[in-house]
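Student: Could you take me through a close look at a single residue in this structure, and then show me how the rest of the chain is arranged around it?

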Amino acid sequence: MKLQAARFVLIGDDLYRRGYTRPLLKCFTPDQASYVVRELHEGICGTHSGARTMVAKVVRAGYYWPTVQGDCTDFVQKCLKCQEFGTLSHQKPEELHFMLSPWAFVQWGMDIIGPFAPGKGQCKFLLVGIDYFTKWIEAEPLTAITARNVQNFMWKNIVSASAFHRSSSPITVDSSPTGR
Ligand SMILES: [Zn+2]
């Protein structure tokens with residue numbers, strides 16, 4: 001009892017829970033707690049978030065009650081809207097397949113970033129190559145994305161680096177459209 005009481009402190013009429021790494025958390029009565037849970041989940045600013053997020057929000061706001069974890073989990077499980085509109089994964093459970101590169105400079109990823117506001121020499125694109133294994137980055141600012149420019153970049157930065165280590169390197173290119 002004494003040990004448990006040491007975790008709490010009374011300031012004025014309010015009970016607070018002490019912590020080593022966090023500020024004092026104000027303790028709630030069951031009524032207050034259920035209101036907070038409801039408001040957090042489906043209130044004006046409620047986003048029907050999951051239990052873990054809700055608990056984090058309660059603690060971040062500086063509140064505490066002993067069953068906060070269980071109450072949030074219960075509430076989320078019983079929320080009708082979450083059951084109706086929640087994302088249901090129809091994907092079969094399967095083990096993850098790692099896409100690992102066995103050695104340095106064996107596999108590269110490439111992407112074009114931009115257009116940015118024109119910089120020095122009117123360069124507004126950035127051509128980036130990154131090695132899967134070491135995460136070594138080669139990058140070059142370009143004025144325009146042309147086949148010639150990309151070819152030069154590959155020869156200068158990637159083929160030479162790879163040739164030094166191995167004869168051929170597969171290159172993965174992010175083909176999603178550039179620009180915003
Ligand atoms: Zn919900």
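Predicted model: local features only at pLDDT ≥ 70, side-chain atom pairs only at ≥ 80, totals over all residues.

Tutor: Let us begin with F153, which, leaving aside its neighbours within four places in sequence, is in contact with L127 and E140. F153 itself belongs to helix α6, which runs over residues 147-165. Is F153 buried, exposed or partly exposed? Since a residue needs 20 or more other C-beta atoms within 10 Å to count as buried, and F153 has 19 within that distance, F153 is classed as partly exposed. As for I112, which is 41 residues away from F153 along the chain, the C-alpha atoms of the two are separated by 12 Å.

Now let us step back to the whole chain. The protein chain holds six helices and eight strands, and, when you read along the sequence, they follow the pattern α-β-β-β-α-α-β-α-α-β-β-β-α-β. The radius of gyration of this chain is 27 Å, whereas the globule rule gives 16 Å for 180 residues, so the chain is more spread out than a compact globule. Along its principal axes, the C-alpha trace spans about 75 × 40 × 35 Å. Of the 180 residues in the chain, 12% count as buried.

For another part of the chain, look at a pair of helices. Two packed helices are described by the distance between their axes and by the angle between those axes. Here the pair is helix α3, residues 51-60, and helix α4, residues 68-78, whose axes come within 9 Å and cross at roughly 135°. That angle makes α3 oblique to α4, and the crossing in which α3 passes α4 is right-handed. On the side of α3, the contact is made by A51, M54, V55 and V58, and these meet V68, Q69, C72, T73 and V76 of α4.

Conventions: Residues numbered from 1 in each chain as written. Helix = DSSP H or I, 4+ residues; strand = E, 2+ residues; numbered from the N terminus. Rg over C-alpha atoms; globule rule 2.2 N^0.38 Å. Axes fitted to C-alpha atoms, helices over the stretch in contact; angles between N-to-C directions. Parallel < 35°, antiparallel > 145°, perpendicular 65-115°, else oblique. Left-handed = near helix turned anticlockwise from the far one by under 90°. Contact = placed C-beta atoms within 7 Å.
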